[in-house]
Amino acid sequence: SAIYVLPPGFVESSCHSRIFWMKLNKLLLQGKFFQLEIYDPSAGPVLLDEKLASRCGYVVSEDVWGNPVFRASVLGCHVANEADELFSLTVNIKVSSFSSMRAAVTYTYPMYCSYSSWDSREIVCEENYMEVSVKTDVPAVSNDYTVAWMSALPETQNVAYQLWQLMFVSPSGRKRITVSDAAKLGYSFNNTLSRVYLRAPYHSNESDVSVVSGVNMNMVTSTSMYRQRWLLLLIDTTVSCPVDGISFTDTTLTWTVPSVIPTLVVQESTFLSKSILMGVDDQVIINPEEKNYLLEHNETHIRITIPIGAEGGKLKSSVSGGVYGVIYSIDLFLEHTWTDADWQTTKYTVIKPVTTPFMPQIPTVFNNTLPEERLFNVAFGHFLPDVSLVAIAIGNVPFTLGEAQRHGFKIYEIPFSNRTKGFILEVSFDDPYVLKEYVNRNETKYTLLLNYTLSVGPEMTLYYHPAEVECVIADIELPEAAGYCDEENLYLAIPTFGLHQYWNLYLGNKLLNRHVALTNGYLAATNSTHLVLQIPLFAVGVIYEEVSFQKIKARFDVALRKVKTVETLQMFSVTCSFNSSAFIICHPDGTVMVSAPMKTVPAIDMSKTKLRDSSCKPREYNEEHAFFKFHVTTCGTSVRFEGDHIIYENEISYEKETLPGQSIPTITRDPDYRLTVLCYYRAKETLVLGAFGSDPSTSPPFGSGTMVPRSNIAVHRRIRQALNVVSRVSKNESFMEFYEPNMAILKQPVEPVFLELELKDESPHTELHLENCWVTRSLDSNSTPRWNITVDGQVVIEWPMRS
């Protein structure tokens, strides 16, 4: 392959802590593959691999920003060394568009480092190797050879002549091997003009792990030995490096390194710390506090604390198990210099890339909706810059960002604090994809169902986040009805807006539709704005508040109820007084009121008119009319069944006065008068009675109802047999499904209760009258307070009192 000139800005390099540092710009490598070769002047290019890197003192990794990084010890295998002061290393950078590296472009990059101020002992703890280099100042040796001196050091008798050997001490015992054999085990040993050095892999067979001040240290204890003529050189090449010491909280990471390492400081009492420096990447941080870093040390520990997200490191978005979160990475190093009695000066350098575990950061949906503008404004964050919004589902309908913009949704990014960002979405309340629900009396609940799709991190992992935003506003106007009357009818005019969409009209418990209106004799007319109901005075559903001689006060009620819940929101009523000379009114409770015209010639005495029971006289009368009020169980009223109706019948009559005479025929002065009164009741009809007010302050939150048929002892004595009476509570107005007997039934105060009392006897002479019916708060039918529905067969309505 050809050799090319490096593009500008492709490579940066520096020297620090006797290490070559080289960094490649990832932007110039996008979509490309690369390899690094070390150029050996005698052997040519040597391809880097993991095993070679740890033995020869090389590291290939990435910085926190994803840029490839290469580091090499100045004592590395292929480094040219001039007098332990000037060091050079040439690296080939091969770049190809193919993973096979064919057609690669090769850039040659030479690096130079000068490093003259060596300390007596220097230790480097790199990512993949430990290295110790020691100064070899050899004093002059006496020419006198003495056997006694040699015999004093029996272990050295077998040291090879003019050949370096290594003695390892580990828990498994002592091991003495040659340098070449040590290289086969992954070690690298050599000497320079003034130093010897040993480079060791972590966790070799000759290493040991010990805990120092709570930190695990990997240690290789060794002595380097060399014999030449009268000289025997023994050098302590023990090295020890931390393998952990990292801890995390939600907001910080902490790196702890022991201040004093016993295997490196034999005489602790003579230990003296000279300087402690920390760095990020290859830069020493002179004032850590300016970057919110904390560097602390005491007799046992050196501790560096970094806030998560601090400058110098990088936060990266990630997805784990479908959860969004972040990972923080920072490349740290520590340089500790100390003196002790055994060593003049030791410089101890540790390089430590740190990455936090995955930290979940559940995104937040901020509802900034503007009800007055009828606009959803939803912010979604916080996210790092490596997150982008790629799609959004609204009301379960997916949109790309382009489709969403074309539809009319507004989506844009917004910067937040701490270098984060969010996404703003604006959707009109009136958009067809917004769910709308009529709630409460006059409010609409608008619901925006969202599902965000985000592309997260450099891996572009897809992340989905559902959200639901609601807003309830009073934007529905409840209709107001107008009522009026003419001589024979009541009228209700009701706005048609919202009818059948939000509300329905009810007559009692019946939906007021066209069929019900026609059946009951109402006329219904609709124009563009209103529905007008015409209700004849004597039609079904008219309530007669006051009935007296020739005067009726009548009321007609229509309930406005919710379509879905059938909750009553408003009652529309029209009340009018009518003058009527002739009428018959049959009340649901069996009360009959009759105003009867009696125009006879000659006129009769109205005070002497009566019903079948002659004790039932008119309540009011004048010369032409009489007003009667009676109950169908009194005044000689008879009953019969015709089809599905019960018919009660009575008769208004006048008793003729006779004149005294001596012989027959009798002479009368008054005409004969009889008027039949009929009341028709449906045999099967639900009677709706109100027993409670709807004031929640006075009504119990829940009530219970049960029906207990109470026999009339007098009746028992009279007919000498028990009546076959069944009382039941229906679950609804169809009277098809019933609750079990003696079962407590919980109801809200405004909920209807459907009661049925049935006489099973088929005797035509037996009638059933509901004399007394009442409601209590408890299962005890005699408890108080008590609200009556019927008393002695008469309907009453009692409102609950405060108790």
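This is a predicted model: local features need pLDDT of at least 70, side-chain atom pairs count only at pLDDT 80 or more; totals for chains, interfaces and linings use all residues.

Tutor: Residues are numbered from 1 along each chain as its sequence is written, and side-chain values use heavy atoms, with hydrogens and water left out.

Student: Okay. Which element gives the most to the lining of the largest cavity?

Tutor: A cavity is a set of points on a 1 Å grid over the protein atoms alone where a 1.4 Å probe fits but cannot get out, and lining residues have an atom within 4 Å of a point. The lining here is made of Ser17, Arg18, Tyr115, Glu122, Ile123, Val124, Lys347 and Thr349. Two elements give two or more residues to this lining, β11 (121-125) and β29 (346-355); strands are DSSP runs of E, at least two residues, numbered from the N terminus. With 3 residues, the top contributor is β11.

Student: And what volume does that largest cavity have?

Tutor: A volume is the space filled by probe spheres set on the grid points, which are joined across faces, edges and corners. The structure holds 1 cavity of 30 Å³ or more. Its lining divides into 3 nonpolar residues (Ala, Val, Leu, Ile, Met, Phe, Trp, Tyr, Cys and Pro count as such), 2 polar and 3 charged (Asp, Glu, Lys and Arg), with the others, Gly among them, being polar. The volume comes to about 30 Å³.

Student: Arg18 was in that lining. Is Arg18 buried or exposed?

Tutor: Arg18 lies in the loop between β2 and β3, and has a positive phi of about 50 degrees although it is not a glycine. Most residues other than glycine have a negative phi. Buried means under 20% relative accessible area, exposed over 50%, and partly exposed in between (1.4 Å probe, protein chains only). Arg18 has a relative accessibility of 2%, so the answer is buried.

Student: What about Ala83: how does it count by relative accessible area?

Tutor: Ala83 also has a positive phi, about 60 degrees, although it is not a glycine. You'll find Ala83 in the loop between β8 (80-82) and β9 (86-96). Its relative accessible area is 48%, so Ala83 is partly exposed.

Student: Now for pockets. Which element gives the largest share of the lining of the second largest pocket?

Tutor: A pocket is an open set of grid points with protein on both sides within 12 Å along at least five of seven lines; this one has a volume of about 700 Å³. Of its 34 lining residues, the closest to the centre are Glu62, Asp63, Val64, Trp65 and Gly66. By class, the lining has 13 nonpolar, 8 polar and 13 charged residues. The largest share, 5 residues, comes from β28.

Student: What is the bridge partner of Val319 in β28?

Tutor: Two strands pair if DSSP finds at least two bridges between them, and β27 and β28 pair in the antiparallel sense over 7 bridges. Their hairpin has 2 residues between the strands, and Gly321 there takes a positive phi near 60 degrees. Across from Val319 sits Tyr324.

Student: Which residue of β32 is the bridge partner of Val365?

Tutor: β31 and β32 pair in the antiparallel sense over 4 bridges. The partner of Val365 in β32 is Phe380.

Student: Last one: what is omega for the cis peptide bond between Gly381 and His382?

Tutor: His382 is found in β32, which covers residues 375-383. Most peptide bonds are trans. Another cis bond joins Thr784 and Pro785, with omega about 0 degrees. Between Gly381 and His382, omega is about -5 degrees.
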